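This report looks at charged pairs and at one helix packing. The structure comes first.

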Amino acid sequence: MESAKESEVKEIKIITKEGKEFPLSKKQCELSDLLKSAINDYPQETSFPLNDLDEKNAELIKEFLSHYNGEAPKEIEKPIQSNEMKNLTDEWSSTFIDKIPLEDLTNLTVAANYMGINSLLDLCCAKVASLCKDKSEDEILKTFKITEKFSEEEKNKIKSENKWIEENL
């Protein structure tokens with residue numbers, strides 16, 4: 001007869017919306033609130049379909065979780081003090097986040113939030129903030145490829161609704 005210890009699941013698989021499986025150890029899953037809860041709620045399950053997660057982001061998340069193996073990286077100081085990620089975080093994290101194209105960064109941010117991977121979410125947000133730090137409004141619009149012109153009234157409304165952003169840059 002198998003003891004509870006022997007029957008304990010050591011590895012799980014997350015399944016993307018495309019059906020691709022990504023294996024993760026339970027230790028690696030400790031940085032994800034979603035996966036920790038799923039493992040605690042369903043201790044005998046070995047596969048967890050994540051219909052809001054695509055393959056591209058699952059690969060990046062697996063890379064991040066595998067590297068940190070359940071140990072959260074050092075928290076990024078806020079407000080950020082530099083527009084270069086190498087000055088804000090460890091070498092591995094800065095290399096990881098700097099290689100991600102801006103178009104994919106938004107999707108990774110949403111995926112990190114969905115999975116409750118706070119350290120990855122903070123890293124993504126710091127990257128976005130670093131792209132804005134010390135830039136003019138026109139430079140920010142150009143960086144994010146925003147071509148829509150805003151009236152002064154719209155600009156003032158956006159600024160008043162998002163004052164906290166300026167306070168944290």
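Predicted model: local features only at pLDDT ≥ 70, side-chain atom pairs only at ≥ 80, totals over all residues.

How do the two partners stand in accessibility? Aspartate 104 counts as buried because its relative accessibility is 16%, under the 20% cut-off. Lysine 56 has 48% relative accessibility, so lysine 56 counts as partly exposed.

## From helix α4 to a loop

Helix α4 covers residues 55-68. Glutamate 55 in this helix is paired with lysine 20. Their side chains meet in a salt bridge at 3.8 Å, N to O. Here too, distant parts of the chain are linked. Lysine 20 lies in the loop between β1 (11-15) and β2 (21-25). The two residues are 35 apart in the chain.

Glutamate 55, at 27% relative accessibility, counts as partly exposed. Lysine 20 counts as partly exposed at 36%.

## Other salt bridges

Lysine 13 and glutamate 21 also meet through their side chains in a salt bridge. The N to O distance is 3.9 Å. Lysine 13 has 32% relative accessibility, so lysine 13 counts as partly exposed. Glutamate 21 has 42%, so glutamate 21 counts as partly exposed.

Salt bridges also form a network that links Lys27, Glu30 and Glu71. How many salt bridges does a search of the whole structure find? The total is 15.

## Packing of α6 on α7

The crossing is left-handed.

Which residues meet in this packing? From α6 come Leu102, Leu105, Leu108, Thr109, Ala112 and Asn113. From α7 come Leu120, Leu121, Cys124, Cys125, Lys127, Val128 and Leu131. By class, the contact has 10 nonpolar, two polar and one charged residues. Lys127 is the charged one, because Lys counts as charged.

Definitions and conventions:
Residues numbered from 1 in each chain as written. Heavy atoms only, no water. Left-handed = near helix turned anticlockwise from the far one by under 90°. Helix = DSSP H or I, 4+ residues; strand = E, 2+ residues; numbered from the N terminus. Contact = heavy atoms within 4.5 Å. Salt bridge = Lys/Arg side-chain N within 4 Å of Asp/Glu carboxyl O. Buried < 20%, exposed > 50% of the residue type's maximum accessible area, 1.4 Å probe, protein only.
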